[in-house]
Amino acid sequence: MSHTQMIFVNLPVKDLDASKAFWSKLGYSFNAQFTDENCASMVISDTIVAMLLAEARYKDFTHKEIADATTTSEVLLCLSAPSRAAVDELVDGALAAGATEPRPAQDHGVMYGRAFDDLDGHTWEIMWMDPAVVQA
């Protein structure tokens, strides 16, 4: 490929303002150019953006029913972290901001991860892998 691909993860949310406040507490920012009263463009990295869409706006893109992520698994989103401490910091911050922790931490020595369910039940896994293992 001759260009850098980006990923735009589109997620339905029940309360856009609450979702924006939640993610802001975790240190994420929003691209104002693509944020309005119906959606928020949350910048995760230079190549990853989560589009938080009010359910009514989300329905403009699909004919399917919107899954209730608090009772049905729709997707598992996994973000890498630079250290074990960074995993704990992000998940602990999410819990303090109103998230829930669906399972205990998983420690495999060379890989460490925790997860949280955001305000709408979307599961976010945060993991660290030993750089020596990744480069092997």
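**Cavity, salt bridges and exposure in a predicted model**

In this predicted model, the largest cavity is lined by P12, K14, E55, I66, A67, D68, A69, D120 and H122. About 60 Å³ of space lies in this cavity.

Q: Why is R114 called buried?
A: Buried means under 20% relative accessible area. R114 has a relative accessible area of 8%, so R114 is buried.

Q: How do you know that R114 forms a salt bridge with D88?
A: A salt bridge requires a side-chain nitrogen of Lys or Arg within 4 Å of a carboxyl oxygen of Asp or Glu. The closest N and O atoms of R114 and D88 are 3.0 Å apart, and the pair therefore counts as a salt bridge. This pair links distant parts of the chain, with R114 in strand β7 and D88 in helix α3 (residues 84–96).

Q: What makes D92 and R114 a pair that ties together parts of the chain?
A: Their side chains meet in a salt bridge at 3.0 Å, N to O. D92 lies in helix α3 and R114 in strand β7, so the pair joins parts that are 22 residues apart in sequence. Through shared partners, salt bridges join D88, D92, E101 and R114 into one network.

Q: Why is D60 called exposed, whereas R57 is called partly exposed?
A: Exposed means over 50% relative accessible area, and partly exposed lies between that and the buried limit of 20%. D60 has 54%, so D60 is exposed. R57 has 33%, so R57 is partly exposed. The side chains of these two residues, R57 and D60, meet in a salt bridge of 2.9 Å, N to O.

Methods
Residues are numbered from 1 along each chain as its sequence is written. This is a predicted model: local features need pLDDT of at least 70, side-chain atom pairs count only at pLDDT 80 or more; totals for chains, interfaces and linings use all residues. Side-chain values use heavy atoms; hydrogens and water are left out. On a 1 Å grid over the protein atoms alone, a cavity is a set of points where a 1.4 Å probe fits but cannot get out, and a pocket is an open set with protein on both sides within 12 Å along at least five of seven lines; lining residues have an atom within 4 Å of a point. Grid points are joined across faces, edges and corners, and a volume is the space filled by probe spheres set on the points. Buried means under 20% relative accessible area, exposed over 50%, partly exposed in between (1.4 Å probe, protein chains only). Helices (H or I, at least four residues) and strands (E, at least two) are DSSP runs, numbered from the N terminus.
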